[in-house]
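Please consider the sequence and structure shown here before reading on.

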Amino acid sequence: MKKIGFIGLGKMGLPMSQNLLLSNFTVYGMDLNKEAELSFLKSGGTVGVSLDEMVERCDVILTSLPSTNAVEEIFLGEKGLVNISGPSVMLIDTSTVAPELNSRIEEAAKKKGVEFLAAPVSGGVVGAVNRTLTFMVGGVRSAFDKALPVFNAMGENIFHVSEKIDSGTNTKLINNLLIGFYTAGVSEALHLAKNSDLDLEKLFEMLNVSYGQSRIYERNYKSFIADDTYEPGFSLKLLRKDLGFALGLAEKNNVELPVSKILLDLYEEAEKNGYGEKDMSILYKKISEKTTTIL
């Protein structure tokens, strides 16, 4: 597998595709944003090919897309990847989507004799740049084994969760459910600390060597809250989307998650209040401003 197509050259997809280039793969990139394609071209990639040409030239095609609708269209649309592909190409989706979409894509791909893996990632933009991403892969083991060199070029923690196609996605949704809790906890804790006249920098030094330490605390505080800048890494609206998928998974399995429902309400309210496009750490400002308004 030396020729790769990569669809979706956004904040995650661009560095992932660039790392494939650095590992000496031939990579064909595609994105609706022409500036993203230009950045990929400057990195040594190839752009300007159609989906049909990509399928003809490539051994594997990866997607990194922001929404379930986008993934559904690119895979299952009338001129989508599944309909135009054959057994010579493997399809891999690294997006986080509703688990049932994984199943529908796999079912359609099997009818065409096309191998498909659902392989969502964790680690954020920093992980994508530094090749430290975690891949949580669901799908047939033999397909995973063939694709392993591709995954290794983009990450360092590669897991085959099971042959159940949505198993990686379900794992990712549980991961992001925890991220939702951590982000809300950090936001409320720092709001309490600030209003208790504590120095937030000193607080971080102490809690970072205590049981209150977490990677999300470090990420949200050091990269965003401390500098009062919230241009996304991982936007609040994307986290809200994933929390909704996690609650959907719970409902499907007849699992009651009462606290998670309250958490989702909090993120939905924040998005309605205009915070959705900012990094998820903006929840700190949302909580601070809401409390100030109530007082």
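Q: Why is isoleucine 74 called buried?
A: Buried means a relative accessible area under 20%, exposed over 50%, and partly exposed in between, with a 1.4 Å probe and protein chains only. Isoleucine 74 has 16% relative accessibility, so it counts as buried. The model is predicted: local features need pLDDT of at least 70, side-chain atom pairs count only at pLDDT 80 or more, and totals for chains, interfaces and linings use all residues. Residues are numbered from 1 along each chain as its sequence is written, and side-chain values use heavy atoms, with hydrogens and water left out.

Q: Where does isoleucine 74 lie, and which residues does it touch?
A: Isoleucine 74 is placed in helix H4 (residues 68-76); helices (H or I, at least four residues) and strands (E, at least two) are DSSP runs, numbered from the N terminus. Contact means heavy atoms within 4.5 Å. Not counting residues up to four places away in sequence, isoleucine 74 touches Ile7, Leu51, Thr63, Leu65, Gly80 and Leu81. Between the C-alpha atoms of isoleucine 74 and valine 255, which are 181 residues apart along the chain, the separation is 32 Å.

Q: What makes glycine 5 count as buried?
A: The relative accessibility of glycine 5 is 0%, so this residue counts as buried. Glycine 5 belongs to strand S1. Residues up to four places away in sequence aside, glycine 5 touches Tyr28, Met54, Cys58, Val60, Ile61 and Leu62. Its C-alpha atom is 8.4 Å from that of arginine 57, 52 residues apart along the chain.

Q: How do you know that S1 and S3 pair?
A: Two strands pair if DSSP finds at least two bridges between them. Four bridges join strand S1 (residues 3-7) to S3, and the two run parallel.

Q: What makes strand S2 mostly covered?
A: Four of the five residues of strand S2 (residues 26-30) are buried.

Q: Which way do the residues of S3 point?
A: Val60 and Leu62 point one way from strand S3 (residues 60-63), while Ile61 and Thr63 point the other way; all are buried. In a regular strand the side chains alternate between the two faces of the sheet.

Q: Why is arginine 240 called partly exposed?
A: The relative accessible area of arginine 240 is 25%, so the residue is partly exposed. Arginine 240 lies in helix H12 (residues 236-252). Leaving aside neighbours within four places in sequence, arginine 240 is in contact with Leu264, Tyr267, Glu268 and Glu271. Arginine 240 and aspartate 265 are 25 residues apart in sequence and 9.1 Å apart in space, C-alpha to C-alpha.

Q: Is arginine 131 buried or partly exposed, and where does it lie?
A: With a relative accessible area of 26%, arginine 131 is partly exposed. Arginine 131 lies in the loop between helix H7 (124-130) and strand S7 (133-138). Its phi is near 60 degrees, a positive value in a residue other than glycine.

Q: What makes aspartate 197 count as exposed?
A: The relative accessibility of aspartate 197 is 73%, so this residue counts as exposed. The loop between helix H9 (167-194) and helix H10 (200-207) holds aspartate 197. Although not a glycine, aspartate 197 has a positive phi of about 60 degrees.

Q: Why is the protein chain, with its 14 helices and eight strands, called as compact as a globular protein of that length?
A: The chain comprises 14 helices and eight strands. Its radius of gyration is 20 Å, close to the 19 Å that the globule rule gives for 295 residues, so the chain is as compact as a globular protein of that length. The radius is taken over C-alpha atoms, and the globule rule is 2.2 Å times the number of residues to the power 0.38.
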